[in-house]
Amino acid sequence: MGIRELFLVALMPVLKTLFIAIVGLFLALDRASILSAPARHHLNNLVFYIFFPALLASSLVDSMTATSIVSLWFIPVSILITFMVGSALGWILVKITRAPRELHGLVIGCCAAGNMGNLPVIIIPAICAEKNNPFGDSSTCSKNGMSYVALSMGIGAVFVWSYVYNIVRACGNNIPTDAKVDSRISEKQHDETSGITLDYNCTEALLSENYLSSGEKRSTQEVQLPVFGKIKQQVKTWMENIELRMIFRPPTIATILGIIIGVISPIRNIMVGESAPLRFIESSVVLLGDAAIPSMTLIMGANLLRGFRRSGIGLWLLVGIIIVRFVALPVVGIVVIKAARNLGMVGSDPLYHFVLLLQYSVPPAMAIGTITQLFEIGETECSVIMFWNYGVASVALTLWSTYFMWFLS
């Protein structure tokens, strides 16, 4: 594939995303008034509880087998690296730019969590469909590529809805009352989170040793512990503050179920295939999952309207997020995947390597917009971040994709 073909293949999915976002923006205008604030809130609930879990489960059931899941063990490791490096760079960014405290979780989340769902789902089949693609036969390329992408999407969703969800929530709960009148989630509308409060801010939750235990801070005159003892006590306190119902969100449960059904042959044979007796269940879940990506993109575009009218995002903070996502992380990805290839940890399939590299170069996950909508924290700022990141992605993702293919050849 030439540079022009590579450019068009990588550009099309990003342009599709931006086009649907513009439609969402139009629907949120007062003249249309279809995606009003209450409508967006209800649509977010549908995405969170129904559409996105259905998309994850259907993708994993269709592509996961016992053999494939064992051979793809490096995917969760790679995703963990992106979250760790992105979180560290995001924390440095909020300190350098002195971002408002209520935006710390949003900024760290955008730097850590990439879009490992709808963009790769569109990009990989589009590349495989090209006659001169560098990954071999079109049908085999598409099937293998989708199995890689499905697992990446599922594992990425677990990280987003367990890690980013709690970081945004922790930061939001630490905003002074008079500063968050319009930025509070209704616990009554989210039964699974009612009664749960985190009394520490997002920076402390990530990097500080000043946790709150039983509602009181540890005394400054406490007997000094060895370094290992402090780390052990820190981890213990952190684990005590986490409740399983905050981690096992609907997307997480859907990922686990999708892998279980896909790996266990008897269950898979009952539900998947033209002759499966319960194939109507899979078909129904697929139909529900098809609504996830358009819904999230429409919401992102609708929130963009408020973002232009009122945004607390500074220029340097926005530039910093773009640099982290499209400069720093791709470079880290190249180093990590090159080292993994040299050590024989990722096999010899160049398509597998390409999907791993793609994890480091995509814009922020659109599910972050859903999370900010759920908590009503940083919705407008998130929309502006998403708009400019996806705008830059139309060029950056194209250039990185071209380089990755050359790097793997």
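Modeller: In what follows, Ala, Val, Leu, Ile, Met, Phe, Trp, Tyr, Cys and Pro count as nonpolar, Asp, Glu, Lys and Arg as charged, and the others, Gly among them, as polar. This is a predicted model, in which local features need pLDDT of at least 70 and side-chain atom pairs pLDDT 80 or more, while totals for chains, interfaces and linings use all residues. Residues are numbered from 1 along each chain as its sequence is written, and side-chain values use heavy atoms, without hydrogens and water.

Biologist: How many cavities of 30 Å³ or more does the structure hold?

Modeller: A cavity is a set of points on a 1 Å grid over the protein atoms alone where a 1.4 Å probe fits but cannot get out. Points are joined across faces, edges and corners, and a volume is the space filled by probe spheres set on them. At 30 Å³ or more, the number of cavities is 4.

Biologist: Which helix gives the most to the lining of the largest cavity?

Modeller: This lining (residues with an atom within 4 Å of a point) has 18 residues, with Phe52, Gly114, Met116, Gly117 and Ala365 nearest the centre. Helices are DSSP runs of H or I, at least four residues, numbered from the N terminus. Helix 2 (37-63), helix 7 (138-173) and helix 14 (292-309) each supply at least two lining residues. With 4 residues, the most comes from helix 7.

Biologist: How many charged residues has the lining of the second largest cavity?

Modeller: The residues lining this cavity include Asn115, Met116, Val149 and Gln359. By class, the lining has 6 nonpolar residues, 3 polar and, as to charged residues, none.

Technical notes:
On a 1 Å grid over the protein atoms alone, a cavity is a set of points where a 1.4 Å probe fits but cannot get out, and a pocket is an open set with protein on both sides within 12 Å along at least five of seven lines; lining residues have an atom within 4 Å of a point.
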